[in-house]
Amino acid sequence: CPICSAKCHAERGGLDVHIHNNHGPVGEREVASPDFAAFAWVVCANQEGRFLMVNEPAGIAGGKPNYWLPAGRVDSGESMAEAAEREALEEAGVHVEVCGVLRFMRTRGTPRVVLLARPAAAAE
């Protein structure tokens, strides 16, 4: 890092994420990582069958901008469903309601859960 000389690892988001979380405005920084890492992904389709996707910048998306499902780390004290609903709102500005589980995965020991959701306005 040109600011603090810390080594910035790609698997932790690289230089862009390091600068954002360590030197950016305090109110915009991500919360500290919990002791146990877990991730929630959101698959959400509207009544027309269109899926919710978010544009990820190059620093987060492995070197080039791309579109992904809303997803992110489960914060300390948060359920997988709460994390999925929060991530959809933070990343896409859409209130969703989790209504099912599509898949459980484990990557390098880290649990990742793909959750099915629907727009909150369509909730029954």
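Helices (H or I, at least four residues) and strands (E, at least two) are taken here as DSSP runs, numbered from the N terminus. The model is predicted, so local features need pLDDT of at least 70 and side-chain atom pairs count only at pLDDT 80 or more, while totals for chains, interfaces and linings use all residues. Residues are numbered from 1 along each chain as its sequence is written, and side-chain values use heavy atoms, with hydrogens and water left out.

Strand β1 covers residues 39–44 and has two partners to consider, where pairing requires that DSSP finds at least two bridges between the strands. With strand β4 (residues 71–73), β1 pairs in the antiparallel sense over 3 bridges, and F39 stands opposite R73 in β4. With strand β6 (residues 110–119), the pairing of β1 is parallel and runs over 6 bridges; here V42 is placed opposite L115 of β6.

Counting contact as heavy atoms within 4.5 Å, and leaving aside residues up to four places away in sequence, V96 touches V42, C44, A84, E85, A88, A117, R118, P119 and A120.

Strand β2 (residues 54–56) contains E56. E56 is buried but has no salt bridge, and the nearest side chain of opposite charge, R86, is 11 Å away. A salt bridge would need a side-chain nitrogen of Lys or Arg within 4 Å of a carboxyl oxygen of Asp or Glu; for charge, Lys and Arg count as positive and Asp and Glu as negative, with His and the chain ends not counted. Beyond residues up to four places away in sequence, E56 touches A61, P65, N66, W68 and E91.

The backbone has two further points of interest. Most residues other than glycine have a negative phi. S5, in the segment before α1 (14–23), has a positive phi near 70° without being a glycine. S5 is exposed, with a relative accessible area of 63%. R108, in the loop between β5 and β6, is also not a glycine and has a positive phi of about 50°. R108 counts as exposed because its relative accessibility is 77%.

Methods: Buried < 20%, exposed > 50% of the residue type's maximum accessible area, 1.4 Å probe, protein only.
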